[in-house]
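Here is a short note to read alongside the model. The points are numbered so that each can be checked in turn.

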Amino acid sequence: MMMMMMNADLRRERAAATFQPELLTHILDGGAERTRRRKEIEALVINDPDFQHKDLNFLSRSQRYEQAIRKSSLMVMKLREYGITDPEEIYWFKSFVHRGRPEPLDLHLGMFLPTLLTQATPEQQDRFFMPAWNLEIIGTYAQTEMGHGTHLRGLETTATYDPATQEFILNSPTVTSIKWWPGGLGKTSNHAIVLAQLYTQGQCKGLHAFIVPIRQLGTHEPLPGITVGDIGPKFGYDEMDNGYLKMDNFRIPRENMLMKYAQVEPDGTYVKPLSDKLTYGTMVFIRSLIVGDSARSLSRACTIAIRYSAVRHQSELKPGEPEPQILDYQTQQYKLFPLLATAYAFHFVGAYIKDTYHRISGDINEGDLSELPELHALTAGLKAFTSWTANAGIEECRMACGGHGYSRCSGIPDIYVTFTPSCTYEGENTVMMLQTARFLVKSYTQVSSGQRVTGMVSYLNDLSRQRIQPQHVAARTVTVRINDPVSLVDAYKSRAARLVEAAAKNLQAELNHRKSKEDAWNRTSVDLVRASEAHCHYVIVKLFTAKLSEISNAAVRAVLTELCLLYALYGISKNTGDFLQAGILTDAQVTQVNQHVKELLAIIRPNAVALVDSFDFHDVHLGSVLGRYDGNVYENMFEWAKKSPLNKTEVHESFHKHLKPMQAKL
Amino acid sequence: SMNPDLASERQTASFSVEQLTAQLDGGAEQTRMRRAVVDTIQSDPIFSRENQYFQSQNERYEAAVRKAVHLQKKMREMGWTENGPEYKYIYRALSGDVAFLLHRVFMRSISVLGSDKQIAKWMPLSTKYQLIGSYAQTELGHGTYLQGLETTAVFDVTTQEFILNTPKISAMKWWPGDMGRSGTHTVVFAQLYVHGKCYGVHPFIVQIRSLQDHSLCPGITAGDIGPKMNFEHTDNGYLMLQNVRVPRENMLNKFCEVQPDGTYVTQGSQQINYLTMTSVRISLISDEVITPLMKACTIAIRYSAVRRQSKLKPGEQEAKILDYQTQQEKLLPQLAAAYAFHFINVYLQDLFDRGYREIQRKNFDMLPELHAFSSGFKAMVTQCCTSAVEICLRACGGHGYSLLSGLPSLYTKILASCIYEGENTILLLQTARFLVKCFKAASSGQPVPPSVTYLAAVKSGKCPAKNKLDFLRPDLYTEAYQHTAGRLISSTAAKLQDLIESGVKKHDAWNECTVQLAQAAKAHCHYITVKNFAEAVERLETKAGIQKIMKNLCDLFALHGIFSNTGVFLHDGYISGAQMDMVTASYLDLLAVVRKDAVPLVDAFDFTDKSLNSALGSYDGQVYQRLYEWAQKSPTNTETSPAYERYLKPLLHNTLSKL
């Protein structure tokens, strides 16, 4: 194959960078050795002919599913062949194979097997684990129903124990109780872990998990009493067979209830579980993955939009001069650079949560759950904050690519449709924000009653002090130094404190006026969400700022400091009302902030391409004609379009079927 | 049967839904006609959209061509014409899912840019579909900046022909609809060269496919540009020209002509043509932007009244998600925006009709203002409605992500409107240029167009509100918007002036101020929208039942705008911190008030279930049953996939390694 030259604009951009992108890549990966290993695994996948296929944009949904199943099967075998067992390395391998998309075995690998490990008895593990490990059993995790997602206690599927036969009878009593959405359920799985309301001895014992065979081993036909299928086309997730499952008097043996904790004895006696706070740990872990995913998805979109903006020339900035790169327009920089800064901020936040989780998971296993509530509350909010921001940011990047961003060849539509469900799954974002708010209000109440709180909410301790010395607040307004990230962290801290206090007070006022706690909570929920957002925003600015001091290379530290400042100042300029209303900043300071944001855009401009190069996405993984490393955009758009199914024949069949007869008649 | 949760919402409506529908349509007679047209179209199975979510790009394209052809037959049957009053309802009934829309643009450009002779030659062929036209302006490398187009048309005096060429890859025509597969002709925009001199961009009619067998003409390379986020039914195309010759008469020559000897002459005024082009931006607002938002609101609000989740009070039934304040705060401002934009659209249509009449009388005074309006409102309305549809989509949780909700396709379609017919940032800056100019004129006492006279009196002041109820006074919040827009425009103009006076070159100064300029232009359009909504509500006087609810929506729209942009209102102390708390309180109170009429307010948009094409939004609220039944019709359930035999079976039987 002929190697194309690198686009001259991109070559110039790279030559002008003030730092070495590899050094920044190492920081993002967690060390040079991690980068080396990641690239090694990437090469294993990308150079493997088994993982090649046609551009997915030109395949039907059914073909995409087929490709995904093919690759997943090979992936499982090759992972074992290569002896890759580290969870992060498995994650890399999987994401290179599937190019960042979901795949039909996700739920088997990510939920079915882990649930067996954590909730099955040793006997159950003997029966199910090895067959599942060897993929004779492929399972999914069937929790969500048509009518219930967020409110788990409202699930309607029933499992009624029959002591006469020592079986559970599973039923989907209403349309709304049909299991809906589980990945891999539609076509792939032959088993499911089903969450159902347990009834024994005439009493409902709440939600429990059951292993339910759904398809005949050998023929893969649904078992009698089971109705199962695919839920139809979605916005994205084309390769995933999200499914439905309806059960009619379907019987499973007593031993199929996951009984490591709660148990039903042969006579139907129910034995209660011990504390189940342990599941918190898993939630924290999954949400930390979503924060990381927000960072990566936004990074991919930024890579595409910034490279393309360096290649695309349009209009004139100066009369008589050649058309400039669109990256030279202030409005374009203003769209993209804050997002670039955000992507870096989220990377560091994701890494922080993961590290914290690993640090305290030892304690958790030993039964010390003291740090868990705060981490749980914090990750709920950060999951929502980062996924919302990334969701909007990806769209902004696509818009910044104009018309060509709208073509599937840009790759951004795919990033968006794959990412956007994370605002809903693993905890709907508004509900997540309100969980964090609950923790904040609780902490505020503790402080009000004279106790001290620790961790990320410790700033609330200052509130009582400020009330004693009200002039303190006013005195602080002039102390914000807009060139100093540490000072900006303080500004964000004051804003969070003020909004938490306002929400808590409004909640109290509602409580004073009204009857129920729930009503008051609902009538304050818009304020509560704002308070949570301010808290999360503070945490992110704080963590980004803290990261700066860990960076030894001066050039890298300088450019990250600029990004950190941009992130913090842009956040202020988008929320000036909060800072003005609380008296944290004056009108004049706000004007300075706005001005400084624009100065930073110009400062970051020469490093923009190098900053996205540092994310180090391989072209195959990026999947974008606009974002190609070599910048040869237009030639490759043409090559790509020629492969479109509409171009298969020169004259489309519609001409003979419809156009010609019409012309004859009119 | 009707879902009882929706039935109860309808029983408590505070106004007559039918009366509001008539208001939206512009009269009961229009409502009747619209319903008749929609019913005629939608009862014909050829126009069904039920399967579209299951179809491939090829199938969608074919269906669109079939519908377009069938529509010609239907129109003749019904006696409808393209200029008749029914036409806009046809489009609504089809939800735009039909081919040959660019064919209409082709015809319009001939009638606007062509001479009488050219019109006489091409229009009959076009109306009879003896040819299918397209409009080839955008290139791979150029969209916004038309002067930069690279396609060339060189006049050859000896043969009296133009020779068209695509000199490089970035010059390839890219995106024109109806060109990838259907078009036989297209209007190509190219740089005209005569005797080696470039005369700029001009339009040429070029045949690209044979009228006999539809094969490509010599020198033509054309095809489909591949999958997009939406518009699967449209064959957006590419076109490469290699020494393609067209006769001299094929240059559209109403305004400029190349004479046989190569002399270039211009004739007449292009200003009327200019207005036609800018008015396209206004005409798309209704069908392509406001209608999709109204549909998205209908789907999301009905679904939120049917969906129950979690409990608001212990021991009670799970609550409708519409009863959660956070859900109201997502959806109801979007509903208010749909109404606000409906009224601004009516206003703009009137303004443009008036402008058109003036221009025909050779009075061009209104042109700059009309241009600024068309740019600014196109940008603001498309941007607001696009994000509003996305909010509706996400407010429907997991089920919103299913294509069967109808929301993903509404979203992916509306978002294209932010780019076509002028990229939004560029358009806002055009409006900003007008505003800065008017500000300067007004400051020095010169006359300015009526919509910007407020710029003459920008001064500091304080909002007079004393309690939260004051913020329900339209004069008070309109004043706040006016003050803020004025302040943003004047401060940006001042900064621009300062930069220039300090020696920065004009264009550099402009680029340095563009972020602020765009913000100022948006603030101006926002102000006009609020003002116009408040005035429209006042005119509803006689229809008391409607006026009250429209007043609530107007308040909600205005206060939501302040609540979401507190900084700009607080900045110079026009609204104080204490007053801002009143705004928030009033705004949140309004959510609870509008909540009560939310379902009737979307019912008033009067979309049929077939128009919505959504499992979540149908009138009877049988959401889950419909979702379940529809999903079973998916090809993933009705057709067998080779995946099991080929891959799953060997995997499950552990024989994969033997493959």
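1. Contact here means heavy atoms within 4.5 Å. By that rule, and leaving aside its neighbours within four places in sequence, Glu426(A) is in contact with Ile286(A), Arg287(A), Ile290(A), Lys383(A) and Met432(A).

2. This is a predicted model, in which local features need pLDDT of at least 70 and side-chain atom pairs count only at pLDDT 80 or more, while totals for chains, interfaces and linings use all residues. Residues are numbered from 1 along each chain as its sequence is written, chains are lettered from A and ligands numbered from 1 in the order in which they are written, and side-chain values use heavy atoms, with hydrogens and water left out.

3. Glu426(A) carries the UniProt annotation "active site", from an unreviewed entry; such annotations may be inferred rather than shown by experiment, and their positions are given in the numbering used here, with feature names shortened. The residue sits in the loop between α12 (412-419) and α13 (429-448) of chain A. Helices (H or I, at least four residues) and strands (E, at least two) are DSSP runs, numbered from the N terminus.

4. Buried means under 20% relative accessible area, exposed over 50%, and partly exposed in between (1.4 Å probe, protein chains only).

5. His185(B) belongs to strand β5 (residues 185-194) of chain B. His185(B) is buried, its relative accessible area being 4%. Its contacts, leaving aside neighbours within four places in sequence, include Phe106(B), Trp122(B), Ile205(B) and Leu211(B).

6. The unreviewed UniProt entry gives residues 485-662 of chain A as "domain: Acyl-CoA oxidase C-terminal". Over this stretch the chain is 76% helix and 0% strand, with the end C-alpha atoms 69 Å apart.

7. Next, the two chains together. Chain B gives 131 residues to the contact and chain A gives 129 residues. The area buried between them is about 10800 Å², and carbon and sulfur atoms give 60% of it. Buried area is the accessible area (1.4 Å probe) that two parts lose on being put together, summed over both.

8. There are 7 salt bridges between chain B and chain A, a salt bridge being a side-chain nitrogen of Lys or Arg within 4 Å of a carboxyl oxygen of Asp or Glu. One of them joins Arg523(A) to Asp589(B), where the closest N and O atoms are 4.0 Å apart. On the side of chain B that touches chain A, helix α4 (residues 57-78) of chain B gives the most, with 9 residues.
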